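Take a look at the fold below.

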Amino acid sequence: MIKETFTIEQLSEGFFELFEDGTILKMNPKRLENPMEDPNLGKYSSALGIDPLLITNGEENVIVDPGLGWGLDYKSDFEDTSNIVTNLDIFGLRPKDIQHVVLTHLHFDHAAGATFVNENFETTATFPNAIYYVHKDEWNYALTQLENDKDLIGADYRLDELYKLVAEKRIHFIEGDELALLNGIELIKTGGHTPGHLIVKISDQEKIAYFLGDLVPTEFHLNQPSHPHTVLDSVQAQKAKALILKKAYKEKATMYFYHSLYKKTGQLSVDKNQKYVLKKT
Ligand SMILES: [Zn+2]
C-alpha cells in the first residue's frame with residue numbers, strides 16, 4: 001500500500017551568477033555576505049540558487065526541474081559540482097529509482113539535467129526509467145526559437161538533447177491545462193514566463209505545497225509585478241500569479257522556490273500591509 005504522504009526535498013546545486021546575456025557561472029557564496037560591496041552583483045549580474053525538487057511517497061519518486069546538469073557529462077570540467085545525481089545519493093536514491101520528471105519549462109537552467117553525455121559521447125536520459133512531462137505549448141514554442149541564440153528574455157533553449165528524449169518516446173506531452181500526475185500531485189499550466197510553463201501542486205492529508213518554477217522564482221518575486229524582461233507574456237504571468245498566490249494563501253500552503261538564495265521555502269502568509277510574506281515552517 002502506497003503511503004499517501006509526500007516528503008518534499010530541495011536538491012540544491014549551489015549559488016550561481018546570471019549575466020545579462022544569459023550566461024550562468026558558479027559563484028562563491030562568500031560574495032553574498034556583503035553583496036552591496038560587490039562591484040558586479042546587481043549591476044551586471046544577479047545571484048541565484050538552483051534548487052530542483054524531489055517529491056516522494058516512498059514508492060514513487062518525482063523530480064521537478066533537474067537543474068543545470070553540471071558535472072554529469074563524461075569528463076566534465078565540473079566534476080566536483082553538486083548535481084541532481086550527487087544530490088539524490090544523499091537520500092539513498094539512484095537515477096533509475098525516479099519514475100517521473102516534470103520540466104516546468106525548457107529553459108536550460110531548468111531542463112539541462114534531464115540528459116547527460118556518456119563515455120561513448122552519446123546523449124543519454126539521466127533517469128533511465130522515467131517519463132518526462134513537458135507541456136505541448138512549451139515544446140512548440142521552443143521549436144520556434146531554434147534559429148535564435150537566446151529567446152526574447154535572454155534565456156536559452158538547448159533542444160538537441162531533448163530531441164533524443166523525444167526520439168526515445170520518453171516525453172509525455174501535456175495538452176490540457178491540468179494533469180493529475182499522481183493522486184496528490186497536479187501539474188497546472190500557467191503560461192506567462194513561457195507559453196507552456198507549468199507549476200506543481202502537492203497535497204496530502206497533512207499539507208498543501210506549491211512549486212512555482214519561474215512564475216515566482218524567489219520569495220522577492222511574491223509581491224513584485226512580473227517584469228517584461230523576465231517573462232514573455234507579463235499580463236498572463238501576473239494574472240496566473242495573482243490567482244495562484246490567493247489560493248495558496250487560503251490553503252496555508254508551503255511554497256518552494258527554485259532560484260532563491262535565502263528563504264527557499266516557507267508558508268505563505270500576509271503582513272499588516274497586505275503583502276505576501278513567508279512564515280518559517
Ligand atoms: Zn525560465
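**Overall form**

With 281 residues, a compact globule would have a radius of gyration near 19 Å, and the protein agrees with that at 18 Å. That radius is taken over C-alpha atoms, and the globule rule is 2.2 Å times the number of residues to the power 0.38. This is a predicted model: local features need pLDDT of at least 70, side-chain atom pairs count only at pLDDT 80 or more, and totals for chains, interfaces and linings use all residues. Numbering runs from 1 along each chain as its sequence is written, and side-chain values use heavy atoms, without hydrogens and water.

The C-alpha trace spans about 60 × 55 × 35 Å along its principal axes. Of the 281 residues, 51% count as buried (under 20% relative accessible area, 1.4 Å probe, protein chains only). Contacts are heavy atoms within 4.5 Å. Among those with a separation of 6 or more, 65% join residues 24 or more positions apart.

The protein has five helices and 18 strands. These are DSSP runs numbered from the N terminus: helices are H or I of at least four residues, strands E of at least two. Strands pair if DSSP finds at least two bridges between them.

Which strands pair with strand 2? Strand 4 (residues 45-49) pairs with strand 2 (residues 15-19) in the antiparallel sense, over five bridges. Here L18 stands opposite S46. Strand 3 (residues 24-26) is also an antiparallel partner of strand 2, over three bridges. F16 has K26 of strand 3 as its bridge partner. Strands 2 and 3 form a hairpin with four residues between them. In the turn, G22 has a positive phi of about 95 degrees.

Key:
Buried < 20%, exposed > 50% of the residue type's maximum accessible area, 1.4 Å probe, protein only.
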